[in-house]
Amino acid sequence: SSGINAEWPLRPGFEEMLGSDNLLEYLIVDTGPLIKNIQFDKLASHVITTSGVQTEIRDHATRSRIQLLPFEIQTQSPSEDSLRFVADFAKRTGDIRSLSAVDLSVIALTYDLEKRINGVDHL
């Protein structure tokens, strides 16, 4: 069993994604886990989000808590190509109606990172 976090059951093959320190190299996060105070530093070496996610966090307590975290949450923007790709894909699957602009941005950023690190032939 991985030491990543006993509360988070791992899917088969997930262990292959972990580094020698039992952490994911990158974790892209949406608003919900930030509000729920998930301890990302126990999950990943680099935690990344979008500016839209940060804008969605409106309550003062959560914003203050995030500023005091013992690790940095990096803010990045997805490429325009990935935003177009994700939006087109969501239109084809019918999911576009249930995804916000921030959701599409988080998915596109994830796609950018996957494309850069592992390529997209497996997707």
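Me: A crossing of helices is left-handed if the near helix is turned anticlockwise from the far one by less than a right angle, and right-handed if clockwise. Which hand does the crossing of α4 and α5 have?

Reply: The crossing of α4 and α5 is right-handed, so the near helix is turned clockwise from the far one. The model is predicted, with pLDDT of at least 70 needed for local features and 80 or more for side-chain atom pairs, while totals for chains, interfaces and linings use all residues. Numbering runs from 1 along each chain, and side-chain values use heavy atoms, without hydrogens or water.

Me: What makes the packing of α4 and α5 a contact, and at what angle do they pack?

Reply: Contact means heavy atoms within 4.5 Å. Residues making this one include Phe85, Val86 and Ala90 of α4 and Ile107, Tyr111 and Lys115 of α5. The angle is about 115°, with the axes 8 Å apart; axes are lines fitted to C-alpha atoms over the stretch in contact, and angles run from 0 to 180 degrees between N-to-C directions.

Me: Which elements give two or more residues to the lining of the second largest pocket?

Reply: The lining has 13 residues, with Phe85, Val86, Ile107, Tyr111 and Leu123 nearest the centre of the pocket. The elements are α4 (80–93) and α5 (101–118), of which α4 gives the most, 5 residues. Lining residues have an atom within 4 Å of a pocket grid point.

Me: Why is Val120 called partly exposed?

Reply: Val120 has a relative accessible area of 27%. Buried is under 20% and exposed over 50% (1.4 Å probe, protein chains only), so Val120 falls in between. Val120 lies in the segment after α5.

Methods:
1 Å grid on protein atoms, 1.4 Å probe; cavity = no way out; pocket = protein on both sides within 12 Å on 5 of 7 lines; lining within 4 Å. Helix = DSSP H or I, 4+ residues; strand = E, 2+ residues; numbered from the N terminus.
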